Amino acid sequence: MKEIKAIIRPNKLSALRDALVALPDFPGMTVSKVEGCSAPSRHVTRQRIKDELTDYSPKVRIEIIAPDAVAEAIFQRITEVAQTGHYGDGLVWITEVEKAAFVFKTMPGPV
């Protein structure tokens with residue numbers, strides 16, 4: 001199993017959700033609102049480093065646990081849909097998951 005995580009621009013979330021749901025065997029995802037800033041060296045125009053490191057912009061963090069067979073397709077779909085061609089579009093990465101399980105409670109049957 002793999003864990004795919006992505007930090008993307010909030011305005012790309014709706015299109016990304018539609019693109020991911022269309023993938024066969026898409027397992028679902030968790031979405032969180034986050035803020036972040038990129039490294040000062042990534043900016044084309046130079047500002048004071050203090051200003052750059054405190055200038056956070058809103059982002060969305062997506063987390064997906066998926067079987068190995070579908071992980072690469074999810075990764076590719078995120079990188080295709082979430083990019084705008086500008087710095088700050090986000091980041092996508094995959095890590096190995098040793099073990100995962102659904103947590104749920106079954107309802108007792110009739111007495």
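How many helices and strands are there in the protein chain? The chain holds 3 helices and 4 strands. This is a predicted model. From the N terminus on, the elements run β-α-β-α-β-α-β. Of the 111 residues in the protein chain, 25% are buried.

**Overall contacts**

- Take the contacts in the protein chain between residues at least 6 apart in sequence: 77% of them join residues at least 24 apart.

**Helices α1 and α3**

- Helix α1 spans residues 13-21 and helix α3 spans residues 68-82.
- Their axes come within 10 Å and cross at roughly 150°.
- Angles over 145 degrees count as roughly antiparallel, and α1 and α3 are therefore roughly antiparallel to each other.
- The crossing of α1 and α3 is right-handed.
- On the α1 side, the contact is made by Ala-15, Leu-16, Ala-19 and Leu-20. On the α3 side, Ile-74, Arg-77, Ile-78 and Val-81 take part.
- By class, the residues of this contact between α1 and α3 divide into 7 nonpolar, no polar and 1 charged.

**The buried side of α1**

- Leu-16, Ala-19 and Leu-20 are buried in α1.
- These three cover an arc of only 95° around the axis, which puts them on the same side of α1.
- An α-helix has 3.6 residues a turn, so residues three or four places apart point the same way.
- What do the buried residues of α1 pack against? Their partners are β1 (2-8), β3 (57-66) and α3.

**Val-92 in strand β4**

- Val-92 lies in strand β4, which covers residues 90-96.
- Is Val-92 buried or exposed? Its relative accessibility is 17%. Buried means under 20%, so Val-92 counts as buried.
- Leaving aside neighbours within four places in sequence, Val-92 is in contact with Ile-4, Lys-5, Ala-6, Phe-75, Ile-78 and Thr-79.
- Ile-78 is also one of the α3 residues that make the contact with α1.
- Val-92 and Arg-61 are 31 residues apart along the chain, and their C-alpha atoms are separated by 9.7 Å.

**Asp-25 in a loop**

- Where is Asp-25 found? Asp-25 sits in the loop between α1 and β2 (30-36).
- Phi of Asp-25 is near 65°, a positive value in a residue other than glycine.
- Most residues other than glycine have a negative phi.
- Asp-25 has 67% relative accessibility. Exposed means over 50%, so Asp-25 counts as exposed.

Note on methods
Residues numbered from 1 in each chain as written. Predicted model: local features only at pLDDT ≥ 70, side-chain atom pairs only at ≥ 80, totals over all residues. Heavy atoms only, no water. Axes fitted to C-alpha atoms, helices over the stretch in contact; angles between N-to-C directions. Helix = DSSP H or I, 4+ residues; strand = E, 2+ residues; numbered from the N terminus. Parallel < 35°, antiparallel > 145°, perpendicular 65-115°, else oblique. Left-handed = near helix turned anticlockwise from the far one by under 90°. Contact = heavy atoms within 4.5 Å. Nonpolar A, V, L, I, M, F, W, Y, C, P; charged D, E, K, R; others polar. Buried < 20%, exposed > 50% of the residue type's maximum accessible area, 1.4 Å probe, protein only. Arc of directions from axis to C-beta.
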